[in-house]
Each structure stands twice: as structure tokens, then as C-alpha cells.
Amino acid sequence: MGISKKIASAAALCATSAKSVIKLAIESRPCGIRKAEDSDESLIIMGNGPSLADAMANHAPALRNHPLMAVNFAANAEEFYGFRPRYYVLADPVFFANTPHENVSKLWKNLSERINWPMTLFIPAKMRRKARLSSNHNIDLQTFNPVGVEGFQWLENAVFASGRGMPRPRNVLIVAIMIALKMGYKNIWLTGADHSWTRTLEVDENNTVISVQPHFYKDNDAEHARVASVYKDIRLHQIMHSFYVAFRSYFFIRRFADHSGATIINATPGSFIDAFPRRQLSELD
């Protein structure tokens with residue numbers, strides 16, 4: 001690399017770091033994530049991808065014998081209650097909107113009324129007052145900062161370790177992994193993390209982009225309508241860029257995990273995530 005390119009690269013890194021520092025000052029809040037008492041165990045994060053159905057059917061012992069973390073609409077699926085996850089993550093703004101969707105309302109109702117075991121619910125720090133939980137003493141509410149940070153590696157390491165920010169959180173799984181690392185887990189396994197969205201990406205004759213993101217449960221008509229409305233005015237290049245940001249964030253996570261002495265294992269068959277080593281969930285059975 002020539003001197004001019006090195007100077008340009010250093011200048012860009014300085015600018016990116018400065019932008020991140022400004023974002024932290026404006027958007028970040030004190031981190032509410034506490035260290036887990038069982039952080040020496042292997043934590044299994046359950047993404048909602050279609051392969052989770054196979055994991056639940058064929059590897060139930062592993063899922064029941066280790067702490068679990070669930071995300072998004074998982075609590076609207078009946079299978080969820082057979083595994084009683086210890087942790088739950090809500091990151092999407094849809095869960096805290098002033099005009100709730102019927103599936104969102106159902107989720108808050110389920111969390112409020114059906115959780116009869118100790119569970120920690122993680123929500124964005126800025127959304128704490130918008131959590132629609134009725135009194136449920138089984139749920140411990142903790143907060144995280146979904147503030148995307150990039151820049152000098154020393155800056156990233158310091159911010160990620162403090163919980164003030166994380167790699168750009170374009171997917172709830174990014175948030176879940178960073179929460180798990182902040183809690184002190186050193187062995188983190190990913191299931192249901194298919195991320196094979198490009199297989200179902202289409203553009204119809206009206207130039208409308210159709211992005212189907214299948215789950216282990218069957219989405220109802222209301223959810224299909226919500227997703228269609230979200231993608232109504234989004235163009236293909238924007239969706240592809242969003243995919244790029246998400247997959248790149250996993251490499252930032254891998255670098256931070258290595259720095260922290262943690263290991264992240266992708267136990268999702270056919271997953272498109274290429275940042276983490278792969279092993280079989282059966283090793284935990």
C-alpha cells in the first residue's frame with residue numbers, strides 16, 4: 001500500500017471512530033447487563049430460523065440441559081414453553097411502537113402471563129419505559145445499547161466490553177451474541193441461525209422486492225402483511241447492503257470474542273454465517 005493510500009485509510013478510520021464517539025455520547029446509556037452466575041456453562045442462542053424446528057425435535061436434551069436465549073417472536077410459538085429459555089432478547093423497534101401489531105400485542109401478553117419460570121428479558125435501554133409488561137415477578141428486566149460502533153480496534157474492544165455499543169445490530173442475533181459475551185459466557189452455541197435469506201429473495205413484475213425470511217414457526221397473515229409493508233418501498237440494493245452489514249458484523253464479533261477469550265460455535269446446519277467455526281449440536285446432548 002502506497003503512502004497516500006495509508007494516509008487515506010488512517011484518515012477514514014479516524015473519521016469513523018470520531019463518528020462512533022459522537023453516536024455514543026448521544027445515544028448510549030449505562031449498560032444494564034449483569035454477569036451471569038452460570039457463565040461457565042455453554043449458552044445456546046436460539047435464532048428463529050427454520051432449522052430450529054429440527055434442533056428442537058432431535059436435540060431436546062442439549063436444549064434442556066443448557067441455558068437458552070430466545071429472540072423476537074419465539075414466545076408466540078407453543079414449542080417455546082417446552083424449553084423454558086432463561087434469557088429473551090427483543091431488539092426490533094416494532095416491539096415498542098405506539099401502534100402495536102396484533103402479534104406484538106400477543107407477544108407482550110404471553111410474556112406477561114405465561115412465563116412461570118425465572119427469565120431475564122433484555123430490551124434496548126432507550127425503550128425501557130415502553131416495555132408493555134404487566135406484573136410478572138418471574139421476569140428480570142435488563143437493558144442493552146444497540147448503538148453501532150466502528151473504528152480503531154482498541155476503541156471497539158473498549159466499547160464492546162463496556163456494553164455501551166456493539167457491531168452494527170442489523171439482526172437480533174448480533175444483539176443476542178453481544179449480550180451473551182457481556183454476561184461473561186465463554187462458550188456460545190448458535191442454533192436456528194440459518195440466515196439464508198438470499199434463497200427467497202425475489203423481484204416481481206412491479207419491481208417490488210419480496211424478501212421472505214422463514215421461521216421455525218409458521219407466520220400468520222398478519223405477520224406476512226407487516227413484513228410486506230416494511231419492504232414496500234425498499235429497493236434491492238438496500239436489502240443487499242443490509243445483508244452485507246449483518247454478515248460483516250459477525251466478523252467484528254468474532255474478533256472481539258477472540259480478544260475476550262470466548263468461543264462462538266455455529267451449530268446451524270446450512271447456515272450462511274461464515275464467521276464462526278461449525279460443530280454439531282449433538283456434541284452437547
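Thr208 is in contact (heavy atoms within 4.5 Å) with Glu202 and Val203, leaving aside its neighbours within four places in sequence. The structure is a predicted model, in which local features need pLDDT of at least 70 and side-chain atom pairs count only at pLDDT 80 or more, while totals for chains, interfaces and linings use all residues. Residues are numbered from 1 along each chain as its sequence is written, and side-chain values use heavy atoms, with hydrogens and water left out.

Thr208 is placed in the loop between S7 and S8; helices (H or I, at least four residues) and strands (E, at least two) are DSSP runs, numbered from the N terminus. With a relative accessibility of 30%, Thr208 counts as partly exposed, where buried means under 20% relative accessible area, exposed over 50%, and partly exposed in between (1.4 Å probe, protein chains only). The C-alpha atoms of Thr208 and Tyr231 are 8.4 Å apart in space, and the two residues are 23 residues apart in sequence. The loop between strand S7 (201-203) and strand S8 (209-211) also holds Asn207. Asn207 is not a glycine, yet has a positive phi of about 60°. Arg84, likewise not a glycine, has a positive phi of about 50°. Most residues other than glycine have a negative phi. Arg84 belongs to the loop between strand S2 (68-71) and S3 and is partly exposed, its relative accessible area being 43%.

Strand S4 (residues 119-124) is largely enclosed by the rest of the structure, because six of its six residues are buried. S4 runs parallel to strand S3 (residues 87-89), and three bridges join the two; strands pair if DSSP finds at least two bridges between them. Tyr88 has Leu121 as its bridge partner in S4. Thr120 is also located in S4 and counts as buried at 11% relative accessibility. Not counting residues up to four places away in sequence, Thr120 touches Arg86, Tyr87, Tyr88, Asp140 and Gln142.

The expected span is defined as 1.5 Å times one less than the number of residues in the helix. Ser17, Ser20 and Leu24 are the buried residues of H1, and these pack against helix H5 (153-162). An α-helix has 3.6 residues a turn, so residues three or four places apart point the same way. Helix H4 (residues 102-113), with 12 residues, reaches 16 Å from its first C-alpha to its last, close to the expected 16 Å. The buried residues in H4 are Asn103, Val104, Leu107, Trp108, Asn110, Leu111 and Ser112.

Met166 occupies the loop between H5 and helix H6 (172-182) and is buried, with 3% relative accessibility. Beyond its neighbours within four places in sequence, Met166 is in contact with Phe144, Asn145, Pro146, Val147, Gly148, Val149, Phe160, Val175 and Met178. The C-alpha atoms of Met166 and Glu41 are separated by 23 Å, the residues being 125 apart along the chain. Ser51 is situated in the loop between strand S1 (42-46) and helix H2 (52-58) and is buried at a relative accessible area of 15%. Its contacts, again leaving aside neighbours within four places in sequence, are with Gly192, Ala193, Asp194 and Thr268. Ser260, in helix H8 (residues 236-260), is partly exposed, with a relative accessible area of 26%. Between the C-alpha atoms of Ser260 and Lys182, which are 78 residues apart along the chain, the separation is 9.9 Å.

The second largest pocket contains about 200 Å³ of space. Of the 13 residues that line this pocket, Glu27, Pro124, Lys126, Met127 and Pro146 are the closest to its centre. On a 1 Å grid over the protein atoms alone, a pocket is an open set of points where a 1.4 Å probe fits, with protein on both sides within 12 Å along at least five of seven lines, and lining residues have an atom within 4 Å of a point. Grid points are joined across faces, edges and corners, and the volume is the space filled by probe spheres set on the points. The lining of the second largest pocket comprises nine nonpolar, one polar and three charged residues, where Ala, Val, Leu, Ile, Met, Phe, Trp, Tyr, Cys and Pro count as nonpolar, Asp, Glu, Lys and Arg as charged, and the others, Gly among them, as polar.
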